[in-house]
Amino acid sequence: MKKYAILCVLTLIAFAQTSCIIRNDTPAPDCKYNAKTVYLEVKQNEWKFDSQNQQFYTRFDVPEITADIYNYGNYSLHREYNTGLNTAYQVALPQSILCMETVTNGNTTTDVYYTQLVDYILGVGYVEIQVTNSDFFYPEDKQGYLINPEAMVFHLQLIY
């Protein structure tokens, strides 16, 4: 039993010797990778609607995503809430959000429930963020125009 305990302790020491932590885009001296954080902000009026795919989208040019980072790096995209506040938090994409909209048709009012999916496509030099509602239900204003999704902030983390 003692030899298993010693083996575990030696394994932990070896792991601690070889690990490193990244903070503020600066790797520890023995690390062989870097990190870059890119914030992407979408204002409500910047969403575009793709009638063929029945979804809203926006596209960002992100020159930090080089072919090497795309092929050999790691990336993650999170939606950030309460940006700039002490209560800020992030949710990893894809994100499913349960929604409800009250729809009035003549004298009849109905609550419509649907799921909103926030997802993304990433390629060399760009990120495209997509918002798709289940059953392709998109709320409209009184003039019959689609209401764009709300403004959103995204946190792209690149590790290379």
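## Pockets, sheet and salt bridge

The lining of the largest pocket comprises 11 nonpolar, four polar and two charged residues. Here Ala, Val, Leu, Ile, Met, Phe, Trp, Tyr, Cys and Pro count as nonpolar, Asp, Glu, Lys and Arg as charged, and the others, Gly among them, as polar. Please keep in mind that this is a predicted model, in which local features need pLDDT of at least 70, side-chain atom pairs count only at pLDDT 80 or more, and totals for chains, interfaces and linings use all residues. Residues are numbered from 1 along each chain as its sequence is written, and side-chain values use heavy atoms, with hydrogens and water left out.

**Pockets**

- A pocket is an open set of points on a 1 Å grid over the protein atoms alone, where a 1.4 Å probe fits, with protein on both sides within 12 Å along at least five of seven lines; lining residues have an atom within 4 Å of a point.
- The largest pocket has a volume of about 210 Å³, a volume being the space filled by probe spheres set on the points, which are joined across faces, edges and corners.
- Of the 17 residues lining the largest pocket, Tyr 114, Gln 116, Asn 148, Pro 149 and Glu 150 lie nearest its centre.
- Strands (DSSP runs of E, at least two residues, numbered from the N terminus) contribute too: S4, S6, S7 and S8 each supply at least two residues of this lining.
- The second largest pocket has a volume of about 150 Å³, and its lining includes Phe 136, Phe 137 and Tyr 138.
- Six nonpolar, one polar and two charged residues make up the lining of the second largest pocket.

**Sheet**

- Five strands form an open antiparallel sheet in the order S2-S3-S8-S7-S6; two strands pair if DSSP finds at least two bridges between them.
- Strand S2 (48-50) and strand S6 (95-105) are at the edges, each with a single partner strand, so one side of each has no neighbour in the sheet.
- S6 pairs with strand S7 (residues 108-123) in the antiparallel sense over 11 bridges, and Ser 96 has Leu 117 in S7 as its bridge partner.

**Salt bridge**

- There is one salt bridge (a side-chain nitrogen of Lys or Arg within 4 Å of a carboxyl oxygen of Asp or Glu).
- Glu 150 forms this salt bridge with Arg 79, and their closest N and O atoms are 3.0 Å apart.
- The pair links distant parts of the chain, 71 residues apart: Glu 150 is in the loop between strand S8 (126-133) and strand S9 (152-159), and Arg 79 is in strand S4 (residues 74-81).
- Arg 79 is buried at 2% relative accessibility, whereas Glu 150 is partly exposed with a relative accessible area of 48%; buried means under 20%, exposed over 50%, and partly exposed in between (1.4 Å probe, protein chains only).

Notes. Helix = DSSP H or I, 4+ residues; strand = E, 2+ residues; numbered from the N terminus.
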